[in-house]
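Please keep the sequence and the structure in view while reading.

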Amino acid sequence: MKTLIQIKEAELSLGGKKVLDRLNLDIREGEILAIIGPNGAGKSTLIDVMLGLKKLDSGTILRWTDNVQGKIGVQFQTPTFFPGLGAYDNVKLFAAANGKCVSKGEIEEVLRQCRLLDAAHTDAYRLSGGQQKRLAIAIALVHQPKLLILDEPTAALDPSARSEVKSMIASLAEARQISVVFTSHDMSEVNKLADRIAFVINGRVSQEGTLDELRSAYGTDDLDELYTLMVKKG
């Protein structure tokens, strides 16, 4: 399986605090990877490093492409849209900001895949929370990235909206044959989506593997219990 991003012995301090501490992680082609761990463990900083938004103090990061902006799509926790514009125009303008001219058909297709075609001309800030999350993912997808990075894609959503977003992510990954990396505190989301899990604590990947591998290693089928055990082990 091809490696898209390889991070080796990554170290990074911010404000005098070590946030990444000799962290090692591979992002592989065609998989859905869940990055989990407690708040403050270094997950968001790790995403910033993948995107080139933060530079390592030491260690290496190797990407399959130099065109990070053109080949990686990202959805941050708090979506930001152009005010007063609908879903369609937001997708169009964000695509232009990333240097891609997209056709009406391409925009409508990504809105359809994100189940937003009926809301194409609704003001983005009048959409429901779930719709806004899906719009943020549509914006991340419109330039047809090879890798999609999602930072807590279902955070702060009600159960129905969470279910919709999880289902959409699974179908997108299958239909587009792209790699997905997502962070989450929702173990049901991890169970539904992840091919592999990387557990980050104190700036390191302390454990990684498939759900079956981790369940076998810790002797439990309960994902919440598994999470607790991994936190205790550190």
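## A buried strand

In this predicted model, strand β7, which covers residues 179–183, has five of its five residues buried, so the strand is largely enclosed by the rest of the structure. The burial holds for both faces of β7, with Ser179, Val181 and Thr183 buried on one side and Val180 and Phe182 buried on the other. In a regular strand the side chains alternate between the two faces of the sheet.

## Partners of β7

Which strands are joined to β7 by bridges? Strand β6 (residues 147–151) runs parallel to β7 and is joined to it by five bridges, and within this pairing Ile149 stands opposite Val181. Strand β3 (residues 32–36) also runs parallel to β7, here with four bridges, and Ala34 of this pairing stands opposite Phe182.

Strand β3 pairs in turn with strand β8 (residues 196–201), in the parallel sense and over four bridges; the bridge partner of Ile36 in β8 is Phe199.

## The sheet as a whole

These pairings belong to an open sheet of six strands, whose order is β5-β6-β7-β3-β8-β9 and whose pairing is mixed. At its edges stand β5 (72–75) and β9 (204–209), each of which has a single partner strand, so that one side of each is left without a neighbour in the sheet. On average, and with direction ignored, neighbouring strands of this sheet are turned by 15° against each other.

## Helix α5 on the sheet

Helix α5, residues 129–141, lies across β5 and β6 and runs at about 165° to β5. At 1.5 Å a residue its 13 residues should span 18 Å, and the end C-alpha atoms of α5 are 19 Å apart, which agrees with that expectation.

Eleven of the 13 residues of α5 are buried, so this helix, too, is largely enclosed by the rest of the structure. Among the buried residues of α5 are Lys133 and Arg134, as well as Leu135, Ala136, Ile137, Ala138 and Ile139.

## Packing of α3 against α5

How do the axes of α3 and α5 cross? The axes of helix α3 (residues 87–97) and α5 come within 9 Å and cross at roughly 35°, and the crossing is right-handed. On the α3 side the contact is made by Ala87, Asn90, Val91 and Phe94, and on the α5 side by Leu135, Ala138 and Ile139. Sorted by class, this contact of α3 with α5 has six nonpolar residues and one polar residue, with no charged residues.

Key
Residues are numbered from 1 along each chain as its sequence is written. This is a predicted model: local features need pLDDT of at least 70, side-chain atom pairs count only at pLDDT 80 or more; totals for chains, interfaces and linings use all residues. Side-chain values use heavy atoms; hydrogens and water are left out. Buried means under 20% relative accessible area, exposed over 50%, partly exposed in between (1.4 Å probe, protein chains only). Helices (H or I, at least four residues) and strands (E, at least two) are DSSP runs, numbered from the N terminus. Two strands pair if DSSP finds at least two bridges between them. Axes are lines fitted to C-alpha atoms, for helices over the stretch in contact, and angles run from 0 to 180 degrees between N-to-C directions. Contact means heavy atoms within 4.5 Å. The expected span of a helix is 1.5 Å times one less than its number of residues. A crossing is left-handed if the near helix is turned anticlockwise from the far one by less than a right angle, and right-handed if clockwise. Ala, Val, Leu, Ile, Met, Phe, Trp, Tyr, Cys and Pro count as nonpolar, Asp, Glu, Lys and Arg as charged, and the others, Gly among them, as polar.
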